[in-house]
Structure formats: C-alpha cells, structure tokens
Amino acid sequence: MRQAVFRRPEIGDDNEMLRARLHAIWETAPGLKGWLGTVDHKEIGIRYIITAFVLLALGGIEALVIRLQLAGPDLHLLTPEQYNEFFSTHGMTMIFLYASPILSGFSNYLWPLLLGSRDMAFPRMNAFSYWVFLGSAIFLYSGFLVGAGPNDGWFNYVPFAEKDYNPGFNQDFYSLGMIFLGISTTVGAANFIVTAFKTRAPGMSINRIPIMIWGTLTASAANLVVVPAVSLAFFLLWMDRQFGTDFFQPAGGGQPLLWQHLFWIFGHPWVYAIVLPAMGMVSDGLPVFCRRPLVGHSLVALATVSVMILGFGVWVHHMFATGLPGLSLSFFSGASIIITFPSAVTVFAWIATIWLGRPVITTAFLYFASMILLFVIGGVSGFMTASVPVDWQLTDTYFVVAHIHYVLIGINVFPVVGATYFWFPKMTGKLMDERLGRWGFWTMFAGFNIGFLPMHLTGLLGMPRRIWTYPAGMGWSTLNLVTTLGSFLFAVGILIFFFNVIKSLRSGAPAGANPWGGSSLEWSVSSPPPPYNFAVIPTVASRHPLWEEALDESVARTSLTRGMTLDQGKEALHTSPMDAEPERIVATPEDNVAPFLLTVAMMVLFYGMLLKLWIVIGLGGLGCFAALLMWLWPRRNLLERAPPDRKEPVHG
C-alpha cells in the first residue's frame with residue numbers, strides 16, 4: 001500500500017556543501033556490482049552509444065565485403081549462401097542495432113540535462129532497456145557467428161522465410177531476436193514519453209522544450225504503435241516454423257501478403273523514427289553555430305509531429321508492385337507525396353537559420369549543414385518512388401538502394417557524427433581535434449557521394465538489388481567499381497572519426513562547461529556533468545535559458561543557482577504535463593542489478609525457445625520471476641513524497 005509522506009520542498013542556493021551531499025547520494029558505487037547495477041542515465045547513454053558504434057563498425061565491415069563481391073562482374077569472393085547472410089545481417093545491424101539505439105543513447109544521456117531534471121522517469125527501466133538491447137544484439141549475432149544469421153534479407157519475406165524453403169536456424173535466430181529487441185524498444189519508448197511529460201523543470205512549458213525532445217518523443221510514440229506489429233509478425237512466423245501453423249503459408253490457407261502488411265506498417269514509420277531524433281539534433285545544434293535561435297521553432301515542432309502522423313499512412317509505398325487495388329495505391333501514393341511538405345518546412349527553417357545567422361564553421365557545423373543537402377537528395381528520390389508508375393520501374397533496383405542509403409546514412413549517420421563532435425565536450429570534458437575532424441568530414445562526405453550517387457544510375461540501368469553477382473556487358477561494371485571505391489573511402493572517413501574520438505579522449509583540450517556558447521540547460525552544468533546533474537532544480541523562464549540576456553526574450557529570468565534542493569535522498573521533481581508546474585517529489589530508485597539479471601534470464605529463455613528445450617525454458621522463466629521479484633520488492637525509501645506547496649514560491 002502506497003503512503004504519502006508530506007513535506008515542503010527545501011529551497012536553497014547552489015553551494016559546495018550541497019554539491020558534496022548530492023554527490024554522495026547520487027554517485028554510482030564502485031566495483032562490478034555498481035557497474036552492473038547503475039541506473040545513471042549518463043552512464044547508460046554512453047553504453048548505448050559505444051555499443052551502437054561497435055555494431056556500426058560490424059555492419060560497415062559486412063557492407064565492405066558485399067561491395068568487394070559486387071566490385072566487378074562474375075566475382076566469387078562469397079558463395080550465394082554467404083552473400084545472403086552478409087547482406088541480411090548488414091541490413092539488420094544497421095537498421096535495428098545501430099540506427100535506433102544510437103539515437104536512444106544520445107537521448108538517454110541528454111534528455112534529463114535538456115529538461116532540467118536529475119534522471120529519467122523510470123531509471124531501472126532505462127537500465128533494463130539497455131541490457132535487453134545488448135542481450136538481443138548478442139543473441140542475433142550468435143546466429144551469424146555459427147553460420148545461422150538471417151539470410152532472407154532484413155525484410156524477411158515469406159514464404160522464403162518459412163521452414164520449407166529455409167530449414168536451418170537462421171530465421172529462428174532472427175525471429176526470436178527481433179521479439180527480444182522489441183522489448184527493449186517498447187520499454188525505452190514508454191520511458192521517454194513519461195520523462196518528457198513529467199520530469200521537466202518548473203517553467204519549461206510544452207512550447208519551450210527543445211526540438212530534439214520533440215523528435216525522440218514523437219518517434220517513441222510511434223514505436224509504441226508499430227513495434228508490436230513487427231513483433232507479432234515475427235512471433236507468427238516462429239509459430240509457423242516451429243508448430244506448423246499457417247499464418248503465412250499459402251498451402252494451409254495463410255496469406256504471404258499479410259507478412260508484408262505487418263512488416264511495412266512497422267517498417268516505414270520506423271524510417272521516420274530513426275531520422276526525426278537525428279533531425280532534432282540538427283535543429284538544436286545548428287543554431288548554436290549560427291549564433292541565433294532556430295527560425296520557426298514552433299513550425300518545426302509541428303512539422304516533426306506531422307511527419308510522424310503522416311508516416312503511418314505510407315507503408316503500402318513498399319508494396320506498389322504486389323497487385324493491390326488501384327484506389328489503395330492512389331491513397332498511399334498521395335500520402336507519400338504529401339509527407340514532403342512538413343519535411344520541407346524543417347529544411348527551409350535550417351536554411352533560413354544559416355542565412356540569417358553568423359555561422360561559425362566548425363566540424364560539427366559541417367556535418368549538420370551537409371545533412372541538409374543529403375536530406376534533399378534522399379527526399380527527391382523518395383518523391384520519385386512515391387509515384388506508382390515510376391515505382392513500378394524502379395522497385396527492386398539499385399535506385400532504391402541508393403535512396404535508402406541517402407536517407408539512413410545522410411539523415412542518421414552524418415547528424416550522429418556531428419552530434420558527437422557537438423556533445424563530446426559535455427560528455428567527456430574534452431574537445432575533439434578540429435583539424436582531424438575536418439579531414440574526417442571531407443573524406444566521409446566525398447566517399448559517401450562517390451559511393452552512393454552512382455547507384456542511382458546503376459538502378460536506372462536496370463541492375464536488380466539483392467543479386468549475388470552479375471555478368472559482364474550489362475553496363476554496370478564501371479559504376480559498381482566506383483561505388484566500391486567510394487564505399488572504402490567512406491569507411492576511411494569513419495575510421496578517422498573513431499581515431500579522433502580515441503585521441504581526444506586521451507589528449508583532448510579541456511572543454512569547460514559551455515565551449516560552443518549553447519543556449520540550453522545542459523551547457524549550464526560542468527563537463528562532464530556531476531552524478532546529480534543540477535545542484536538545484538532549475539526554474540525556466542524562456543526557450544533559450546542561457547541566451548536570455550542576449551535575446552532579451554523575457555522579463556523574468558531563468559534561475560540556475562537558487563531553487564529546490566531535493567537532497568533528502570535520491571529525489572526528483574514531477575511536474576504537470578503541459579505547463580510544467582511542480583506536482584510532487586518522488587523518490588528515485590537506487591542502483592540495482594535486477595535489470596541485468598532479468599536480461600540474463602530472458603536470454604536463457606530465448607535460447608531455450610530457439611532449441612525447443614523445455615527444461616531451459618522453465619529455468620529461464622524461473623530466473624525471470626526471481627529477478628522481477630528482486631526488482632519489485634517493496635522498499636520504504638521508494639514511498640511517494642510530498643507534493644510541493646504551490647503557494648510556496650520556488651525562489652524562496
């Protein structure tokens with residue numbers, strides 16, 4: 001039974017005694033237990049980022065092997081079976097294990113700092129989402145390492161993925177791994193949504209939150225809708241394969257087209273889910289280097305939400321050639337074209353911000369600005385494939401491969417690398433090497449365009465995607481060689497970036513709290529931030545708390561040095577969803593190894609399901625129950641705390 005413990009929040013000034021007290025309360029314990037049990041959003045965010053970058057490197061190596069196989073006609077570097085595994089695992093890695101988790105990593109690290117809070121709404125769920133992500137990645141790659149990785153493409157079309165055509169463990173690893181990964185995505189999405197609406201600093205009303213929050217919030221809401229669809233699809237496929245059900249098997253009355261509907265009703269909104277947070281990074285980072293606020297902040301926020309809503313109406317975009325009724329094709333074609341309008345609003349806002357500002361050309365600025373060009377190229381090719389007659393000609397050609405790489409690398413990888421240069425000083429306290437950064441940028445930019453721009457021509461010349469090799473004399477040889485050379489140049493740019501990260505970690509110049517002159521709350525704390533983030537809970541009075549004097553936006557001023565101290569244990573403040581008015585003080589859970597142990601038990605359960613070993617399944621289930629019991633065991637220090645007295649002025 002929950003009990004309320006009433007008390008007024010303490011109001012005080014930021015001082016050394018308070019900082020020392022909070023540091024002792026919030027610091028993660030040393031040793032293995034602390035490392036496995038930490039719920040600090042900053043540590044979890046960095047783990048997400050490092051893990052996702054490792055998987056990016058693995059997916060990149062797979063891509064280079066694929067490009068070597070296609071560098072010339074009639075090459076036999078890989079067998080057809082090996083090629084299928086390489087290109088399927090490459091797609092799975094880049095889309096599911098890199099593109100979304102890397103954005104979750106940045107959001108995990110930055111959200112509480114941007115929102116002026118001490119942690120995410122559910123810190124243990126946050127740790128759990130990371131461990132499950134890591135566990136599912138290990139599960140999926142364990143299949144690849146034993147020669148049983150996915151081999152029917154990341155889209156995994158049936159009936160090819162059914163047991164009759166694919167009897168090995170390949171699709172079982174993929175099906176169960178995706179269900180496992182879906183748990184991480186769903187838990188993380190729910191946590192982001194509650195965090196955005198309940199943990200903002202007092203005064204940070206809904207119209208004052210940064211665009212990056214809008215991007216991840218919108219993507220998280222979409223994930224709660226679409227991830228269950230693909231998890232269901234993989235579960236039904238696993239049932240077909242293991243128990244002979246007929247959800248997708250035509251011989252038993254199943255519908256192969258049902259797979260495509262379930263997969264793409266997830267797949268296309270997912271594209272926006274992995275670009276909108278990245279676009280949010282650009283919307284918040286670019287204005288800092290332009291020395292002015294983002295033009296049309298409210299319009300960009302509305303455009304972000306609009307893109308995601310419209311994104312739910314375009315999944316048949318991928319099924320124009322499957323024989324669906326013409327009326328359906330017209331509707332989805334129209335929706336696919338209309339989605340370019342809110343996207344254009346964001347692009348014009350970025351261009352206007354650069355045009356009206358005084359840009360400082362740093363490495364981060366180069367990555368953010370280049371993303372605009374790559375976004376336009378990817379958008380134009382997407383507009384072309386949204387037209388049904390054009391798509392009938394281009395579908396399943398390399399033109400589509402070029403389009404998806406311009407979208408996913410151009411609007412995900414480039415902003416992420418730019419965001420690393422931008423927020424690396426905050427995370428580590430050190431600046432990255434600018435000279436090396438520019439070498440890396442121009443190498444990546446040149447390699448990417450040399451590699452992927454010719455793919456449009458390869459597709460227009462009729463080269464099908466997903467083919468293992470091709471004969472000479474088709475007119476594709478030179479273009480494929482150029483694409484392969486460009487891909488390797490792009491990889492060199494990525495290596496320079498990784499080298500710069502390692503070099504800067506060891507010998508980077510000290511950054512200070514706000515090296516770029518940023519306007520949002522994360523730049524008000526030290527670099528790296530202390531375990532408690534803010535010594536006193538900030539009270540926000542404008543959209544740009546650190547630029548208020550320069551912009552003269554508000555008569556009232558944001559308070560960063562006096563406010564609620566919340567130092568009676570691990571505490572956080574919950575505020576109202578719209579206006580961010582203080583509602584209650586809540587106790588934040590202590591570090592706990594239960595999320596890690598639950599993930600280990602779930603891995604045992606999933607391996608048991610893979611091998612159909614009922615004893616192992618039972619042991620995994622018991623382990624899950626025990627870990628949940630450990631997680632949920634009632635503790636007195638988690639009782640609900642007092643609602644702040646609304647008559648009590650925050651400034652004391």
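Helices α8 and α10 run roughly antiparallel to each other in this predicted model, because their packing angle of about 165° falls in the class over 145 degrees. Helix α8 covers residues 256–273 and helix α10 covers residues 297–311, and their axes lie 9 Å apart. The crossing of α8 past α10 is right-handed. On the α8 side the contact is made by Pro269, Tyr272 and Ala273, and on the α10 side by Val307, Met308 and Gly311. Sorted by class, these residues comprise 5 nonpolar, 1 polar and no charged. Between α9 (276–290) and α10 there is a loop that contains Arg291. The phi of Arg291 is positive, near 60°, although the residue is not glycine. Most residues other than glycine have a negative phi.

The crossing of α4 and α7 is left-handed, whereas α8 passes α10 in a right-handed crossing. From α4, the residues Phe106, Ser107, Leu110, Trp111, Leu114 and Leu115 meet Met212, Ile213, Thr216 and Leu217 of α7. The contact of α4 with α7 has 8 nonpolar and 2 polar residues, and no charged ones.

The structure holds 55 aromatic pairs. One of them joins Tyr48 and Tyr130 edge-to-face, with 5.4 Å from centre to centre and 70° between the planes. This pair connects distant parts of the chain, since Tyr48 belongs to helix α3 (residues 41–69) and Tyr130 to helix α5 (residues 123–145), 82 residues apart.

The loop between α5 and α6 (170–198) contains Pro159. The peptide bond joining Val158 and Pro159 is cis, with omega about 5°. Another cis peptide bond is found between Ser527 and Pro528, where omega is about -5°. Pro528 lies in the loop between α17 (477–507) and β2. Most peptide bonds are trans.

Strands of a sheet pair through backbone hydrogen bonds, either parallel or antiparallel. Here 3 strands form an open sheet in the order β1-β3-β2, with antiparallel pairing. Strands β1 (11–13) and β2 (537–539) are at the edges and have a single partner strand each, so one side of each is left without a neighbour in the sheet. On average, neighbouring strands of this sheet are turned by 50° against each other, direction ignored. The antiparallel pairing of β2 with strand β3 (residues 559–564) rests on 2 bridges. Within it, Thr539 stands opposite Ser559 of β3.

Glu571 stands opposite Ala587 in β5. The hairpin of β4 and β5 has 6 residues between the strands, and Ala580 in this hairpin takes a positive phi near 55°. Arg291, in the loop between α9 and α10, likewise has a positive phi.

Note on methods
Residues numbered from 1 in each chain as written. Predicted model: local features only at pLDDT ≥ 70, side-chain atom pairs only at ≥ 80, totals over all residues. Heavy atoms only, no water. Pairing = 2+ DSSP bridges. Helix = DSSP H or I, 4+ residues; strand = E, 2+ residues; numbered from the N terminus. Axes fitted to C-alpha atoms, helices over the stretch in contact; angles between N-to-C directions. Parallel < 35°, antiparallel > 145°, perpendicular 65-115°, else oblique. Left-handed = near helix turned anticlockwise from the far one by under 90°. Contact = heavy atoms within 4.5 Å. Nonpolar A, V, L, I, M, F, W, Y, C, P; charged D, E, K, R; others polar. Phe/Tyr/Trp six-rings, centres within 6.5 Å; stacked < 30°, edge-to-face > 60°.
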